[in-house]
Amino acid sequence: VKFVESGGGLVQPGGSLKLSCQGDTTLLSIYTVGWYRQAPGKQHELVAKITSNGGSDKYADSVKGRFTISRNLAKDQVFLQMDNLDSEDTAVYYCNEASWYDETWYPTSWGQGTQVTVSS
């Protein structure tokens, strides 16, 4: 499955953005999907993930209470609503397959991602 991310941009601290992820096949519906981010000079970090049916989600402690992941199964889409953003959230954001049970599992290939910059 190929994932295409969109919705990034420049936002002031305390602002909000909603990222979108479009899968190129209906096979997206069988995957647990995660939103990851990579800040300059750092490794990829999984910030949120959602089960294949959208019934359960998990968040990294750094975004818990501020980010919300959701999915539209009919349209093969996954979203990340980001509220109360701060400079530490500045990164390139990617959606990709995720493991629900193995927190150490990461994909080996990535799409283009979408840049999120939080700055005044």
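Select Asp89 and Arg66 to begin: in this predicted model they form a salt bridge, with the closest N and O atoms 2.8 Å apart, the term standing for a side-chain nitrogen of Lys or Arg within 4 Å of a carboxyl oxygen of Asp or Glu. Asp89 lies in the loop between β8 and β9 and Arg66 in the loop between β6 and β7 (67-72), so the pair ties together parts that are 23 residues apart in sequence; strands here are DSSP runs of E, at least two residues long, numbered from the N terminus. Both Asp89 and Arg66 are buried, that is, under 20% relative accessible area, where exposed means over 50% and partly exposed in between (1.4 Å probe, protein chains only).

The side chains of Arg37 and Asp89 meet at 2.9 Å, N to O, and Arg37 is buried, with a relative accessible area of 6%.

Then move to Glu103 and Lys58, whose side chains meet in a salt bridge of 3.9 Å, N to O. Glu103 is partly exposed at 47% relative accessibility, and Lys58 is partly exposed at 34%.

Finally, show the open, mixed sheet, in which six strands follow the order β2-β10-β9-β4-β5-β6, pairing being assigned where DSSP finds at least two bridges between two strands.

Residues are numbered from 1 along each chain as its sequence is written. Local features need pLDDT of at least 70 and side-chain atom pairs pLDDT 80 or more, whereas totals for chains, interfaces and linings use all residues, and side-chain values use heavy atoms, without hydrogens and water.

Definitions and conventions:
Helices (H or I, at least four residues) and strands (E, at least two) are DSSP runs, numbered from the N terminus.
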